[in-house]
Amino acid sequence: MKWYVLRYIFEGKKFACRIRAYSFEKANECARQYVGAAQILSLTECPVQGG
């Protein structure tokens, strides 16, 4: 599994969180479910992988 960084805007404020997934596609699917109606700014693989 890999870590991905999700950045999104919700109610005018920027947020970021990490998502752990087997692939970018799965991470993207999780991100869309997580943020709901919020706007996704970016989803990128973490440069440093670790717990």
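Is Tyr 8 buried or exposed? At 11% relative accessibility, Tyr 8 counts as buried. The views below come from a predicted model.

**View 1. Three strands form an open sheet.** The strand order is E2-E1-E3, and the pairing is antiparallel. Strand E2 (13-21) and strand E3 (39-45) stand at the edges. Each has a single partner strand, so one side of each is left without a neighbour in the sheet. Neighbouring strands are turned by 20° against each other on average, direction ignored. In general, strands of a sheet pair through backbone hydrogen bonds.

**View 2. Strand E1 pairs with strand E3.** Strand E1 covers residues 2-10. Six bridges join E1 and E3 in the antiparallel sense. Within this view, Val 5 stands opposite Thr 44 in E3.

**View 3. Lys 2 and Glu 45 form a salt bridge.** The closest N and O atoms are 3.8 Å apart. The count for the structure comes to one salt bridge. Lys 2 lies in strand E1 and Glu 45 in strand E3, so the pair ties together parts that are 43 residues apart in sequence. Lys 2 has 37% relative accessibility and counts as partly exposed. Glu 45, at 40%, also counts as partly exposed. Side chains of opposite charge can pair when their charged atoms come close.

View 4. The structure holds three aromatic pairs. Tyr 4 lies in strand E1 and Phe 24 in helix H1 (residues 24-35), so the pair ties together parts that are 20 residues apart in sequence. Tyr 4 is buried, at 3% relative accessibility. Phe 24 is partly exposed, at 38%.

**View 5. Tyr 8 and Tyr 34 form an edge-to-face pair.** Their ring centres are 6.0 Å apart, and the planes make an angle of 85°. The pair links distant parts of the chain: Tyr 8 sits in strand E1 and Tyr 34 in helix H1, 26 residues apart. Tyr 8 is buried at 11% relative accessibility. Tyr 34, at 52%, counts as exposed. Together with Phe 15, Tyr 8 and Tyr 34 form one aromatic cluster.

**View 6. Arg 18 lies over the face of Trp 3.** The distance from Arg 18 to the ring centre of Trp 3 is 4.1 Å.

Technical notes:
Residues are numbered from 1 along each chain as its sequence is written. This is a predicted model: local features need pLDDT of at least 70, side-chain atom pairs count only at pLDDT 80 or more; totals for chains, interfaces and linings use all residues. Side-chain values use heavy atoms; hydrogens and water are left out. Two strands pair if DSSP finds at least two bridges between them. Helices (H or I, at least four residues) and strands (E, at least two) are DSSP runs, numbered from the N terminus. Axes are lines fitted to C-alpha atoms, for helices over the stretch in contact, and angles run from 0 to 180 degrees between N-to-C directions. A salt bridge is a side-chain nitrogen of Lys or Arg within 4 Å of a carboxyl oxygen of Asp or Glu. Buried means under 20% relative accessible area, exposed over 50%, partly exposed in between (1.4 Å probe, protein chains only). Rings of Phe, Tyr and Trp (its six-membered ring) pair if their centres lie within 6.5 Å; planes under 30 degrees apart count as stacked, over 60 as edge-to-face and the rest as tilted. A charge sits over a ring if NZ of Lys or CZ of Arg is within 6 Å of the ring centre and within 35 degrees of the ring normal.
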